Amino acid sequence: MAQQNRLIEGGRIARDSQINFSYNGKTYPGFVGDTLASAMLANGIDVVGRSFKYSRPRGIVAAGAEEPNAIMQLGATEATQVPNVRATQQELFAGLVCQATNGWPNVEFDMMASLGTVGASVMPPGFYYKTFMYPKSMWNTYEKFIRKAAGLGRSPLEADPDRYDHYNQHADVVIVGAGPAGLSAALEAGRSGARVIIADEQAEFGGALLHSKQSVNGMPAMDWVASVVAELAELDNVMMLPKSTVNGYHDHNFLTIHQRCTDHIADRAEKNQSRQRMHRVRTKWVVLASGAHERPLVFGNNDVPGCMLADAVSTYINRYAVVPGKKLVLMTTNDGGYQAAFDWHEAGREVVAILDTRSYQGTDTSAVIDRARELGIKVLTGSAVVEVQGAKRVSAVSIASLNSQGDQLAGPVSQLSCDTVASSGGWSPAIHLSCHTGSRPVWSDQVIGFIPGETVQKQLIAGAIGGTFDLQSCLAQGTRAGAEAANNAGFTVDATASGATAESVAETAPMALFHIPHPKETSRAPKQFVDFQNDVTAAGIELATREGFESIEHVKRYTALGFGTDQGKLGNINGMAIAAKSMQKTIPQTGTTIFRPNYTPVTFGAIAGRNCGELFDPKRFSAMHQWHLDHGALFEDVGNWKRPWYFPQPGESMQQSLERECLAVRDSAGVLDASTLGKIDIQGPDAREFLGRVYTNAWAKLAVGKCRYGLMCGEDGMVFDDGVTACLADNHFVMTTTTGGAARVLEWLEIYQQTEWPELEVYFNSVTDHWSTITVTGPNARKILDQVVDDIDLSNDAFKYMDWKAATVMGVPARIFRISFTGELSYEINVQANYGMRIWEAVMDKGAAYNLTPYGTETMHILRAEKGFIIAGQDTDGSVHPYDLGMGWAVSQKKPFSFIGKRGMAREDCVKEGRKQLVGLITADPKKVIPEGSQAVDDPKQSIPMTMLGHVTSSYYSACLGHSIAMAYIRNGHNRMGETVFYPQADGSAIEATICSPIFLDPKGERQNV
Amino acid sequence: MFYIYCPHCEEHREEEEFHAAGEAHIPRPLDPENCSDKEWGEYMFFRTNPRGIHHELWVHSVGCRKFFNMTRDTQNYEILEVYKIGEKPSITSAAAKLPAQSKVQEGV
């Protein structure tokens, strides 16, 4: 198929490499070296999408990151779908498949267009807020249709098959942008030996020079670029990153660079190759040479396909050999804009007229006007396009003369026939990265734009980002910035070297003009678009200011100016200028909104890198994990740990498994993998004193060989962890913590030792992973232990409850703790983790004769609840002190040092009557298990809102007891034993329960002492 | 993301290795029993939250596990100094004298 807009020669495309791509199901040809946008324009594709709100046909406007309309859904397969890709930044590859993002059912015929044209006046800014708010319940319905009609792209429904990765790097100088300024800087910094990274979002280095006809050092600009790139490539200390966007500039000179490694090659990356890479770079100095974006002018129907940026027209002609039309009308406020007309003319197409908005006095003229007239191009000064005619393509323009301020028309409207309108309102420096650092941009009347303000980072700027648009100055600034950055980073720069040079061109001052007046007032004129992606019009902004939105941040949010995926690159300054004018303020008075990361959208793949799937979050396994897997365990996540939840046997329901496991423990013996409990080794002459300060109970007299349960509180007196600590020697203890609380407890101990009591000599180490813990519990536990323990007397007299002993288990050194979380006779065997599996298997083997049954966390929870033992974090929530728990026995008020929590739990609110207290519950219906979280009330028939007394924290069916049990908070509960409360449920019923002690089984603790 | 110099390790490391632990220089009262509820409440709950110079407690949690203090400007996130526990800051909001910052570079 012919590429009707392709010139027969020129451009930086590979004409011998013709490739095909598919757009909306049709196949088109293009060349290697094209962007998707240039190939679409070459094929004469005018309409590339429909607008967000009004569904108006839209065409390609720009040639870079600022493109608002050509937003494509990319991907040949479901798994490789990528939404919202800017066609102007997507390199063409063979077999590329894309669809227009907007438009339903399609871009050529759009259902919503009728609403957009007929109902235009019914959709002012704030339309969605005003219209779809009520009734609130309908929003989900509205939203579905609004989103479908608007078309915001879609996520793939299948997993991304590609690989992404991260590079963490350090650099001396990072240069953002490889245009004339950036390349000059890189050369200078690179030659000094500094580690330099130069990144540019485009496929090739060169920036604006890629489509420039200027010369550098007396040679064509791109020849100079090639020589610089060749020299940089020779320098080992320089990393060149094309196709890489510096998307974020974060604290302390940290930059995130998004590199697209294979997006230009195929729909998905080669096996073992990364599709995209995120460079996370910490650098000493930064040179921002990020250039500028051209501003379009705002006029009637300026969104009709065929309206483009002047510089984009030059780019398509010079870089891609594509002339996006036949008859051009150019409107410009500056000399630079003329270049598009010159390039158009040179390409052999008709330039209908150049409309220069500036008024010239008498016979005044300028170099560009003279050149245009030499070429036979009509130049109308003091004139502008007020309105475009056409639907899916420009067919004509209405023009008129302007007064010298550009705020009123000064003559009658006439028509010019054309199919393309290029406009240039000057250039807005690309200050986005500078803004990321928190630096407020400042307005410059000379630049007619915002430039970076005072910086807090070690950062320099060079070139157009600072409002310097002249090539010679850009080169010189780049050279100086590169030298200074390298110098500041500690490298020596050859002071005699001078940078590249280009011819300086005298320019006539540009005109500060943003919004072209129309014969009708703005609200009645044809739509004058400011932000194409969100359909924000000049009239909409004026309406917002009339409705009282005076802050530019509010105008932005009310109109959605700058909210699209383009972040207002094209429209923001025009929008602010219109808002300012409407409020009769200056632009600096109105202020600007701030750009935040990211500069352009970044894929989730690049953000995640390898931190996905198995590597998303580390999993922790005990040494016996494989045994659990082999024996059918289901697992529960506790922190990062995978703990066996329960061990179902074939055909068992969960409840049946739990009942079997519980009864086995109570009747004979069970075994639990308790390795995940936090274990902190505490040593030092002051270890004992330290324990006394962090635990609520006494530690001064705990003898070697003994264990003690302790409660840990915050300074507010509220319980936050608990566990058993054993005294290994007078200066050596091992503390256990809850599985999830281990890291927090360790930091807690450290902060007090290091910041409050540095005089105490005590050291802490996490030894959680060093030990495997096998808990054998049940009436037959001793008989099982007898068969695996080689060397110690296990009798009740020799090895008492709450003792620990060093022993040898199957030839392996072990610590055995006789402590119990089930209320049964229990031994916790601790061995070095390497031996964990071996000892576990030996215990299982010897225990088989006693029906030794493995159980998981769920059975553990039931067994401890039968005994009324709390689980910190389940039965506590940071608002309960030990007395609320009925655990005043664990608080020693006699200790000389005011331990952590003592003062807190003595506060007025903590000692008042009527606090919620932990109690047990027995339901009237023994089979009924109260859902955890249920709220207690005295009278279930009272009117709503009911007076709530407290909630259920733990609730199970106890097979051993034959009825359900629960632990719960009840206001003043310790004084309400035997009373009845009710738990209303969502279905309207209420569960009746009696308040009792939370110790349901063996209140005297005889079973664990046998 | 911050780039933090650990005064114990004596080198710069990424923020990922550290934990912020709140405001620095809030000593636990030596005699808690004789604090009024108000005094104890102030110790526990009240912090200065300044705009500008702030002294913070940090811990090199996945490094040396040691705590240290940091003087940081909460407006621009610049870390002005780090110093060990027990030491006093040399930069305070009362002194209000910041070290020389990188100068503005406009147009180089």
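Two residues are in contact if their C-beta atoms, placed from the backbone, lie within 7 Å of each other. Keep that in mind as we walk through this predicted model, where local features need a pLDDT of at least 70, side-chain atom pairs count only at pLDDT 80 or more, and totals for chains, interfaces and linings use all residues. Residues are numbered from 1 along each chain as its sequence is written, while chains are lettered from A and ligands numbered from 1 in the order in which they are written.

Let's begin with chain B. Take its contacts with a separation of 6 or more: 47% of them are between residues 24 or more positions apart. Chain B has one helix and six strands; here helices (H or I, at least four residues) and strands (E, at least two) are DSSP runs, numbered from the N terminus. A residue counts as buried if 20 or more other C-beta atoms lie within 10 Å of its own, as exposed if 12 or fewer do, and as partly exposed in between, with C-beta atoms placed from the backbone. By that rule, 16% of the 108 residues of chain B are buried.

Chain B averages 88, and 87% of its residues score at least 70.

Now for chain A. Its C-alpha trace spans about 115 × 70 × 55 Å along its principal axes, and the chain holds 24 helices and 49 strands. Of its 1010 residues, 53% are buried. Among contacts in chain A between residues at least 6 apart in sequence, 67% join residues at least 24 apart.

So where do the two chains meet? The contact takes 35 residues from chain A and 29 residues from chain B. On the chain A side, β28 (459-461), α11 (471-488) and α20 (742-756) each supply at least two residues, and α20(A) gives the largest share, six residues. Sorted by type, the chain A side has nine nonpolar, 11 polar and 15 charged residues. Ala, Val, Leu, Ile, Met, Phe, Trp, Tyr, Cys and Pro count as nonpolar, Asp, Glu, Lys and Arg as charged, and the others, Gly among them, as polar. For the complex, the predictor gives an ipTM of 0.89 and a pTM of 0.90.

Note on methods:
pLDDT = per-residue confidence, 0-100.
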